[in-house]
Amino acid sequence: MYTLYGFKGSGSAAVELALELAGLPYRQVDAASWEPSPALDELRQLNPLGQIPTLQLPEGGILTESAAILLHLGLAHPAAGLLPADAAQRAQAIRGLVYIAANCYAAIGVIDFPERWCINADDAVKEQIREGTRARLHSYWEIFADTYPASPFLSGASLGALDLLAAVVSKWSGARPHLAQARPAFFELIERVETHPKVAPVWRRHWDS
């Protein structure tokens with residue numbers, strides 16, 4: 001059985017969704033850096049950064065980083081369809097997963113904790129960092145939307161890991177209002193992903209509205 005360390009309304013939802021789509025048995029442990037608990041101490045023993053999602057594999061190995069976890073699950077369980085069977089489409093899905101992690105996910109960390117990136121920053125400087133990074137984040141999503149038109153999903157004919165990560169990270173990052181105006185077709189896709197019959201039950205657990 002897999003063990004998923006995560007928290008409601010966080011990026012761990014993408015991995016939870018992937019486990020559900022693949023029909024893999026798992027248990028959840030609620031742990032987050034903003035919620036001190038014994039589970040957080042346990043998480044930090046497995047992942048020194050204390051970040052979620054963190055996934056413990058059935059054989060005991062530890063995986064961190066959302067894109068790496070989704071890639072592993074897709075490659076280890078090809079019948080689940082998390083990654084496309086076609087090699088060319090799979091290559092582009094891998095590119096997209098890493099793009100979100102390297103660009104969109106990374107920008108959120110700056111928005112949430114600007115003081116980590118500027119020593120002795122006062123509130124005004126922190127807000128400047130947030131505003132600049134938020135604009136950059138929006139541009140990253142615009143490029144992604146232009147690169148991955150829905151056909152009908154981001155990796156082709158069926159729902160996959162790239163759809164899950166794009167839907168979760170765009171929700172978590174607060175980029176949806178911008179995308180609704182700047183890239184309405186992409187916005188429609190990610191809304192359609194969260195209402196997909198295989199996604200909706202988990203989505204409601206994370207975001208009640």
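User: At what angle do α1 and α6 pack, and how far apart are their axes?
Analyst: In this predicted model, the angle between α1 and α6 is about 150 degrees and their axes are 9 Å apart. Axes are lines fitted to C-alpha atoms, for helices over the stretch in contact, and angles between N-to-C directions run from 0 to 180 degrees. The two helices are therefore roughly antiparallel to each other; angles over 145 degrees receive that label, those under 35 count as roughly parallel, 65 to 115 as roughly perpendicular, and the rest as oblique.

User: And the handedness of that crossing, left or right?
Analyst: The crossing of α1 and α6 is right-handed.

User: Which residues make the contact?
Analyst: A13, A14, L17, A18 and L21 of α1 meet L164, L165 and V168 of α6, contact meaning heavy atoms within 4.5 Å.

User: What are the ground rules for numbering and confidence?
Analyst: Residues are numbered from 1 along each chain as its sequence is written. Local features need pLDDT of at least 70 and side-chain atom pairs count only at pLDDT 80 or more, while totals for chains, interfaces and linings use all residues; side-chain values use heavy atoms, with hydrogens and water left out.
Analyst: Helices (H or I, at least four residues) and strands (E, at least two) are DSSP runs numbered from the N terminus.

User: Back to α1: how many of its residues are buried?
Analyst: Nine of the eleven residues of α1 are buried, so this helix is largely enclosed by the rest of the structure. Buried means under 20% relative accessible area, exposed over 50%, and partly exposed in between, with a 1.4 Å probe and protein chains only.

User: What covers them?
Analyst: The cover includes β1, β2, β3 (54–56), α3 (66–76), α6 and α9 (200–206).

User: How does α4 pack on α5?
Analyst: Helix α4 (residues 87–112) and α5 have their axes 8 Å apart, at an angle of about 165 degrees. That makes α4 roughly antiparallel to α5, and their crossing is left-handed. Among the contacting residues are Y99 and I100 of α4, and W141 and F144 of α5.

User: And α4 with α6?
Analyst: Helix α6 (residues 161–172) packs on α4 at about 15 degrees, with the axes 10 Å apart. The two are therefore roughly parallel to each other, and this crossing is left-handed.

User: Switching to aromatics: how many pairs are there?
Analyst: Rings of Phe, Tyr and Trp (its six-membered ring) pair if their centres lie within 6.5 Å; planes under 30 degrees apart count as stacked, over 60 as edge-to-face and the rest as tilted. By this rule there are eight aromatic pairs. In one of them, the centres of F7 and W34 are 5.8 Å apart and the planes stand at 85 degrees, so the pair is edge-to-face. F7 lies in the loop between β1 (2–6) and α1 (12–22), and W34 in the loop between β2 (26–30) and α2 (38–46), 27 residues apart. W34 is partly exposed, at a relative accessible area of 47%.

User: What about W141 and F144?
Analyst: W141 and F144 are also an edge-to-face pair, 5.7 Å centre to centre with 85 degrees between the planes. Both lie in helix α5 (residues 123–147), three residues apart, and both are buried.

Notes:
A crossing is left-handed if the near helix is turned anticlockwise from the far one by less than a right angle, and right-handed if clockwise.
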